[in-house]
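Visitor: I'd like to learn how to read a fold from its overall dimensions down to its strand pairings. Could you walk me through one?

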Amino acid sequence: MEDIFTKKLSSKELIELEDKHGAHNYHPLPVVLSKGEGVHVWDVEGKKYFDFLSAYSAVNQGHCHPTITKALTDQASRITLTSRAFHNDILGRYEAYATEYFGFDKLLPMNSGAEAVETAIKVCRKYAHEKKGVDENKAKIIVANNNFHGRTTTIVSFSNDEEARKDYGPYTPGFIQVPYNDTDALEKALQEDNVAGFMVEPIQGEAGVVVPDDDYLAKAKELCHKNNAIFIADEIQTGIGRTGSLLASCGNCDCQGHCERQEDTYVKPDILILGKALSGGAYPVSAILADDEIMLVIKPGQHGSTFGGNPLGAAVSHAALEVIRDEKLTQNARELGEHFRSELQKFIDQSDLVKLVRGKGLLNAIVVNDSEESTTAWDLCVKMAENGLIAKPTHGNIIRFAPPLVMTKEQLDECISIITNTISDFEKEWKK
Ligand SMILES: *Cc1c(COP(=O)(O)O)cnc(C)c1O
């Protein structure tokens with residue numbers, strides 16, 4: 001076989017390679033990226049784009065952030081993996097740092113987001129049985145309709161997305177679905193026997209950036225506690241600055257997770273689930289955080305992962321969190337987010353093609369005025385890519401806009417022009 005790693009290949013050839021040799025479990029936009037820096041990515045032909053997906057908010061700190069890259073390469077040349085059969089000299093430091101950063105007693109490190117969700121489910125069930133008198137192996141966890149928590153067999157068991165779920169049964173029992181942003185339905189579900197907890201995304205990202213009422217999380221947590229259940233926030237996509245605060249659970253607080261105003265706005269989860277930007281996209285790192293009463297139900301041998309807590313991931317994650325704080329990225333996300341939505345709203349007011357813009361911080365979406373089955377959102381994303389900005393539809397007719405948080409106002413203004421000009425041009429041809 002000719003050495004395909006040294007031979008120059010076009011975007012078309014590289015797409016064909018994936019198509020021929022890879023499983024077809026994704027449907028990417030036809031763009032082949034080979035370089036990234038900050039808010040920009042470049043394809044193999046050298047065309048430059050603004051990245052408006054940020055790898056589903058994993059790259060909040062921007063592509064190849066020098067601080068994170070340095071932590072990665074420095075640590076990679078010392079030691080990368082010890083397994084948890086032995087200690088390593090980074091993990092304890094990282095756990096001390098991250099628990100202080102987020103304000104919890106303990107951290108349990110994993111790798112992918114789905115693994116952290118699985119970890120939260122296990123801890124929740126075990127805690128409910130050991131400490132809350134829920135019958136053994138009978139614990140139920142309430143989740144929201146249209147949730148996205150990952151792709152494992154158990155997680156797709158409680159998804160109502162047919163595409164994610166169909167044909168993967170038998171499904172894991174023990175989950176109750178309620179409508180999102182509906183505390184009456186939650187209260188009713190909490191009356192069932194053996195309810196252990198409620199797991200929710202503070203903003204539903206994959207569902208199309210669905211923002212609940214301001215008091216939803218606070219009410220939900222209160223109802224959980226009243227009914228002896230715990231409140232679990234999946235902040236894998238919304239956390240780490242994305243929504244203009246350290247966590248979306250912080251509400252409108254600017255505190256990076258530990259200010260005096262915490263009691264007013266911060267709905268501290270009993271279990272916090274993090275992933276994605278926890279490593280700035282340089283390496284898979286996820287975790288759950290909880291206080292001792294909950295976390296210490298897990299004893300040696302009862303849960304783990306070969307790579308979870310490895311020194312390379314810990315060093316990278318430490319750097320990724322430092323960047324968020326040092327560069328004030330949460331504040332930047334908040335300011336730029338407000339500017340983005342107000343500029344897009346002005347445009348939408350005179351557009352027939354786009355119905356609305358919504359979101360928080362730099363997690364935003366527009367809803368295209370066409371049926372959910374139409375290809376309009378996809379076609380718009382293809383046109384935006386041609387014009388130098390890559391974004392992707394979430395569900396049907398919704399396009400998410402989530403650039404790296406290191407963007408400047410000048411860059412964002414350029415992006416707003418690309419987005420609105422593309423939509424205007426598209427609208428001229430649309431439904432002719
Ligand atoms: C991406 C995501 C996950 C899954 O994370 P993976 O790293 O893809 O396993 C879980 N929950 C939410 C809210 C997510 O956005």
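Guide: We'll go from the whole chain to single strand pairs. Keep in mind that this is a predicted model.

Visitor: Fine. How many helices and strands does the protein chain have?

Guide: There are 15 helices and 15 strands.

Visitor: And what does the radius of gyration say about the protein chain?

Guide: The idea is to set it against what a compact globule of that length would give. For 432 residues that would be near 22 Å, and the protein chain has 22 Å, so the two agree. The C-alpha trace spans about 65 × 55 × 50 Å along its principal axes.

Visitor: What share of the residues of the protein chain count as buried?

Guide: Buried here means under 20% relative accessible area. By that cut-off, 53% of the 432 residues qualify. As for the surface, the protein chain exposes about 20,000 Å², and carbon and sulfur atoms supply 50% of that.

Visitor: What share of the contacts in the protein chain links residues 24 or more positions apart?

Guide: Counting contacts with a separation of 6 or more, 72% come from residues 24 or more positions apart.

Visitor: On to the strands. How should I read a pairing?

Guide: Strands of a sheet pair through backbone hydrogen bonds, and they can do so parallel or antiparallel. Take β5, residues 140-144. β5 runs parallel to β7 (residues 195-200), joined by four bridges. With β6 (residues 175-178), β5 also pairs in the parallel sense, over four bridges.

Visitor: Which residues stand opposite isoleucine 141 and valine 143?

Guide: Isoleucine 141 faces glycine 197 in β7, while valine 143 has glutamine 177 of β6 opposite.

Visitor: Why is β5 described as largely enclosed by the rest of the structure?

Guide: Because four of its five residues are buried.

Visitor: What is the strand order in the open sheet of four strands?

Guide: The order is β1-β2-β3-β13, and the pairing is mixed. β1 (33-37) and β13 (389-390) stand at the edges with a single partner strand each, so one side of each has no neighbour in the sheet.

Visitor: How do β2 and β3 run, parallel or antiparallel?

Guide: Antiparallel: three bridges join β2 (residues 40-43) to β3 (residues 48-51). To find one of the bridges yourself, look for tryptophan 42, whose bridge partner in β3 is lysine 48.

Note on methods:
Residues are numbered from 1 along each chain as its sequence is written. This is a predicted model: local features need pLDDT of at least 70, side-chain atom pairs count only at pLDDT 80 or more; totals for chains, interfaces and linings use all residues. Side-chain values use heavy atoms; hydrogens and water are left out. Helices (H or I, at least four residues) and strands (E, at least two) are DSSP runs, numbered from the N terminus. The radius of gyration is taken over C-alpha atoms; the globule rule is 2.2 Å times the number of residues to the power 0.38. Buried means under 20% relative accessible area, exposed over 50%, partly exposed in between (1.4 Å probe, protein chains only). Contact means heavy atoms within 4.5 Å. Accessible areas come from the Shrake-Rupley method with a 1.4 Å probe; for residues, only the protein chains shown count as cover. Two strands pair if DSSP finds at least two bridges between them.
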